[in-house]
Amino acid sequence: MLGLRLCVALIACPLFGYCCLPDSFQVLDLSHTLSNESLRWPGGSNFSFTILTRGWQNNNSFWLELNKFDTPEHIGTHMDAPAHFYNKGWKVHEIPADRLVGPGVVIDVKDKVVKDSDYRMTPADVESWEKVNGPIPKGAIVFMRSGWDTRYPNKTLTFNTNTPDNESTFHFPGFHPDTARWLIVNRNIGMIGIDTPSTDYGPSPNFEVHQIISNASVMGLENVNNLGALPPKGFIVTVAPVKLFDGSGGPVRILALVSKDGSGMCTANSAGHLMLFWAFAFGLWHVLSSLWKICIT
C-alpha cells in the first residue's frame, strides 16, 4: 500500500501546482544550545538548571529523570515578541501560529562586517540581493548573516568588547532602521533575524529597530546560529517558542527545511504545466480518484 503522505503529494502536485515531498528536504538547526553558557544582555538574571531526580527507581526496574530550569526570556537564541518594545504588542502567547512559519531569506553581509564591526545592513543591500534572487516573498523571515555566530558563546568576542557587562562599549553589526522600515512597508515580512545579540547594532542608544518591528507586529530573532549553511532563498523556517503567557519573548528552537538538491522548497509548477493539466482535468480526475481509493484502503 502506498504511503498516505506520498499519495497526497502525488494528487496535490498536479491539482494545485505546489509540491513538497517529505523525503526531498533536510532539517537544519539554527539555534545555540540553551545552557549555563548562554549569553544574555547585561542586567538580566542568570540561567540555572537543577537536577531533581536522575537515576534508577524501584529496585532498578526503571530509569527516571526530572529537572527544572530557570531562565530569563532574552537569552541565547531567542525571539523578541512585539510586546518587548510596544505596550500594545502581542505577548508570546498571543502570536498567531501561522506567524511562526514562513519562507526564509539570508542576506549575507559578512564581507562588509569584516571591514566595519558596527555595520548596519542597508536597503541597498536588500536591493542588491533582490537583483540576484528576486523579490522577498510576503511573510518572509529575513536573516542578516554577519558571521558573528562563530564568536558565540565567548562573551568578550560576541559583544566585541573587553567590558561585556557595559553595554555602552558594545560593537557588533545589526539592521539599519531604514532597512527594517523598507522590509515592513515594501515586502510585508513576518520576522527579521540575526546572528548577533541584537537586531540593533551594538552602539545603538535607543534600540530603534526593536521599536520599529515591535510596532509593526514583526518578531525579531537574535543569536541565530548556522546561517552559513543556508542558501540565499528557497527554504522554510519554523520558529518554536514556548507558549509563555504574558511573555515579551523567549528562547526558541529555529528549524530550517532546506531542499536536498538546492531546487527550493515546495516549488510551484509553471503556469504552462497548470494550464496543460486543467485542459485534461476531466479525464485525469478518474485516475486521481482511483489513486486516492488505493491510498486509503
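The model is predicted. It holds eight salt bridges, among them R253–D29, D125–K112 and R181–D178.

**A salt bridge between strands**
- R253 pairs with D29, and their closest N and O atoms are 2.8 Å apart.
- Because R253 belongs to strand β12 (residues 249-259) and D29 to strand β1 (residues 25-29), this pair ties together parts 224 residues apart in sequence.
- R253 is partly exposed at 49% relative accessible area, and D29 is likewise partly exposed, at 27%.

**A salt bridge between helices**
- D125 and K112 meet through their side chains in a salt bridge with an N to O distance of 2.4 Å.
- D125 sits in helix α3 (residues 123-133) and K112 in helix α2 (residues 110-115), so that the pair links distant parts of the chain, 13 residues apart.
- D125 is buried, with a relative accessible area of 7%, whereas K112 is partly exposed at 39%.

- R181 forms a salt bridge with D178, with 3.1 Å between the closest N and O atoms.
- Both residues lie in helix α5 (residues 177-187), three residues and about one helical turn apart.
- R181 is partly exposed at 36% relative accessibility, as is D178 at 40%.
- A network of salt bridges links D178, R181 and E208.

**The loop residue N223**
- N223 is found in the loop between β10 (219-222) and β11 (235-241).
- With a relative accessibility of 4%, N223 counts as buried.
- Beyond residues up to four places away in sequence, N223 touches H32, L39, G76, T77, H78, Y152, I194, D195, T196 and P197.

Definitions and conventions:
Residues are numbered from 1 along each chain as its sequence is written. This is a predicted model: local features need pLDDT of at least 70, side-chain atom pairs count only at pLDDT 80 or more; totals for chains, interfaces and linings use all residues. Side-chain values use heavy atoms; hydrogens and water are left out. Helices (H or I, at least four residues) and strands (E, at least two) are DSSP runs, numbered from the N terminus. Buried means under 20% relative accessible area, exposed over 50%, partly exposed in between (1.4 Å probe, protein chains only). Contact means heavy atoms within 4.5 Å. A salt bridge is a side-chain nitrogen of Lys or Arg within 4 Å of a carboxyl oxygen of Asp or Glu.
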